[in-house]
Amino acid sequence: MPDDAIAKVMKESDRRMLDAIDATKREFAMIRTGRANPAILDRVRVDYYDEMVPIKQVGTISAPEPRLLMIVPWDKSMIKKIVGAITSSDLGLNPNSDGNVIRIPLPQLTTERRKELARMVARKTEDGKVAIRNIRRDTVDKLRSMQKDGDISEDDLRRYQEQAQKITDAHIEQLDEVAEIKDREIMEG
C-alpha cells in the first residue's frame, strides 16, 4: 500500500510541475517578440453581439509573413470592432483593413523594448520556478505526514525527498530551457 501511495504522490507532483511549465509557456506566448505569433492576440476580446469573446472566435488568425498577422473575420461586419479592440489593447499594434481582411504589421522592437521583454520573461520564469518549488514543498509535506503516520520509515522519507528534489530540479531545468528559447526569440526578432 505505501508504495502505491508514494507512486501516486510522486506522479501527481510530476503532473502538477508539468502544468506549471505549460502555464509559463502560455504566458511566454503572450509576450510579443519581433516575429508574428497569433498567440499575442489571445487576450484581446471583441464585442460579438453583446458578448466579449477572444478574436480567434470571430475569425481566422494567421502569420503569412514573419512581421505580419492577418485576420480574416467570418462576419465582415465585425471588422471595425476587431480593429477597435486591437487598437485599444496594450499591445501597441496598428491594424489596417481593406474591408475583407485585417492586416497587423509588427514593428521592429527597439533595444530598450527587447530588454524590457527579457526582464518580463525572467519574472515569469521565476514565477514558474516558485510554483514548481511550492509543489515540491507540498509533496514533501505529504511524505512527512506519511512518515508521521507510520506508513514509511525515516530512511524512506529521506530517499523520497531526494527523489522529489530530483524531479523538481529536472522541471526547473526544463523551464530554464524554455525561457532561454524565448529570450533568443526576443533578442533576434
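Q: Which element gives the largest share of the lining of the largest pocket?
A: In this predicted model, that share comes from α3, with four residues; helices here are DSSP runs of H or I with at least four residues, strands runs of E with at least two, numbered from the N terminus.

Q: And how much space lies in that pocket?
A: The largest pocket holds about 340 Å³, as the space filled by probe spheres set on grid points joined across faces, edges and corners. Its lining has 17 residues, and Met30, Ile40, Arg43, Asp90 and Leu91 are the closest to its centre. The elements giving two or more residues to the lining are α2 (79-88) and α3 (111-148).

Q: What counts as a pocket and its lining?
A: On a 1 Å grid over the protein atoms alone, a pocket is an open set of points where a 1.4 Å probe fits, with protein on both sides within 12 Å along at least five of seven lines, and lining residues have an atom within 4 Å of a point.

Q: How does the lining split by class?
A: There are eight nonpolar, two polar and seven charged residues, with Asp, Glu, Lys and Arg counted as charged and Gly as polar.

Q: Switching to the sheet, what's the strand order?
A: The open sheet of four strands runs β3-β4-β6-β5 with antiparallel pairing, where a pair needs at least two DSSP bridges. β3 (59-65) and β5 (96-97) are the edge strands, each pairing on one side only.

Q: How many bridges join β3 to β4?
A: Five bridges join these antiparallel strands, which form a hairpin with two residues between them, and glutamate 65 stands opposite leucine 68 in β4.

Q: Then what about β4 and β6?
A: Four bridges join β4 (residues 68-73) to β6 (residues 102-105), again antiparallel, and isoleucine 71 faces isoleucine 102 of β6 as its opposite residue.

Q: Which numbering and limits apply?
A: Residues are numbered from 1 along each chain as its sequence is written. Local features need pLDDT of at least 70 and side-chain atom pairs pLDDT 80 or more, while totals for chains, interfaces and linings use all residues, and side-chain values use heavy atoms without hydrogens or water.
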